Amino acid sequence: MSEFRIHHDVNELLSLLRVHGGEGAEVYIDLLQKNRTPYVTTTVSAHSVKVKIAEFSRTPEDFLKKYDELKSKNTRHLDSLVYLLSKLTEDKETLQYLQQNAKERAELAASAATSSSTNFSIPSSTSKISLQELEELRKQLGSVTANSSVQQSLELTRKILRDKQNKKNSGQPIPVFPSWVYDRPALIGDFLIGTSLSTDTTVPIGTLPLASQESVIVEDLLYVLIGVDGRYITAQPLMGRQNRAFSVDPNLDLSIKELVTRILPVATSYSAVTRFIEEKSSFEYGQVNHALAAAMRTLIKEYMILITQLEHLQRQGLLSLQKLWFYIQPTMRTLEILASLATSVDKGECMGGSTLSLLHDKTFNYTGDSQAQELCLYLTKAASVPYFEILEKWIYRGIINDPYSEFMVEEHELQKEKIQEDYNDKYWDQRYTVVQQQIPSFLQKMADKILSTGKYLNVVRECGRDVTCPVAKEVIYTLKERAYVEQIEKAYNYASKVLLDFLMEEKELMAHLR
């Protein structure tokens, strides 16, 4: 952390705590600079401090819920912050001051709210509506508005991302899908709420014998598992990014209903993954998310093959509810992991390097679960390919080609001609900078070296010489970070030598200095 950043953060903290007078910010800044040690987190240490704060908190469930929410968003430095909070719980004097400060701020906020409050009266209704009618109205409104509101939200997000990317690449606008791709919901593969595709009259399931109930429910489940409503099992409208819920006919036999509720989480996961694939396949979400969606699509195709085989058994009368439960179990875990990843990427609004950080952390956390780790490893390898292509061009040739702003190094347009008049290092420092949130966690330690490697080669290239690293090798994702270190070190050593030789020999730096 730079001295300027420390100075800013200390002043900001003093302002929030309303600390005036005293020794001032400079004393604290000096102490922080002299006593800086990196916090190294482990799974055990993170868990222990989390438990410690939960025990200290008056509402431990709320704290743990918020921690898990931030963790799912892949929030940077979360464990470091939790560690700091755990240390604060040990300092009684600081705690007492913070509690008093919080009380004073709450009183000020309350008095401000009271002074500016306005009394409103709710008009009384002359007609009453029953709870049943209210619930029915809510469902109807939800069916009508849910899909349109979600689509409008996604369309707005795509427009914001598209405008940002086109502004960066003014000479070459990014490609977009035609509007009919988004206007035809049947192409998505997810449930069509409020659209009945069946013209058959539905027989009340409670009037059917047990064997017939099982048969029609198996048929319903095979539809629901591929995103199509059944006759007795239907999907509920989505509100925002919540998980898909289903309503099952209440007259269904309880023994059958119990098994149905065990199978339905597969349909919930399938719905989440399908929506993620369709959303992230758009160009606006970047190449990394696009590659991740493509890898997930491949896995979903294998799942669809399984459902097709089960449908074949069902048509032959060889598929009972128990058999369906048996055949679907191996797939449950896969779809659960895919849905978890999709939800985490959505919640964190991840793109590029931040998506890779999340995937890497998930892969690493599945150590001990070989099946889950192998699945995450496959997805991370697939998603990292476009990112590593940008990385290779940068560290091997000094060229940055990042149309969707996914890479850890960002290029800024600066006027180079002014250097002739104003001799400073602004061009060198600000032409290329590191974007912290786009650094994959497995490349965090090498970020500065990656920046310097590309800058060295870029300087030589800007002077009219084409350079390509002779030790260039394809970068492939692996859990062994040493592999990246060796490749980047080789590229860095070559770039350093090329720049030094260029300055010393071709540009005769020593002669200029003399």
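**Chatting through a predicted chain**

User: How much accessible surface does the protein chain have, and what share belongs to carbon and sulfur atoms?
Analyst: About 31700 Å² for the protein chain, with 55% of that belonging to carbon and sulfur atoms. Keep in mind that this is a predicted model.

User: OK, and what fraction of the residues is buried?
Analyst: Of the 514 residues in the protein chain, 34% are buried.

User: What's the secondary structure like, in helices and strands?
Analyst: The chain has 18 helices and four strands.

User: And the contacts, what share join residues at least 24 apart?
Analyst: That's 68%, counted among contacts between residues at least 6 apart in sequence.

User: Where does glutamate 349 sit?
Analyst: In the loop that links α12 (321–348) and α13 (353–365).

User: Buried or exposed, that glutamate 349?
Analyst: Exposed: glutamate 349 has a relative accessible area of 71%, and the cut-off for exposed is over 50%.

User: Why does serine 405 count as partly exposed?
Analyst: Because its relative accessibility is 23%, and partly exposed runs between the under 20% limit for buried and the over 50% limit for exposed.

Notes
Residues numbered from 1 in each chain as written. Predicted model: local features only at pLDDT ≥ 70, side-chain atom pairs only at ≥ 80, totals over all residues. Heavy atoms only, no water. Helix = DSSP H or I, 4+ residues; strand = E, 2+ residues; numbered from the N terminus. Buried < 20%, exposed > 50% of the residue type's maximum accessible area, 1.4 Å probe, protein only. Contact = heavy atoms within 4.5 Å. Areas by Shrake-Rupley, 256 points an atom, 1.4 Å probe, with all protein chains shown as cover.
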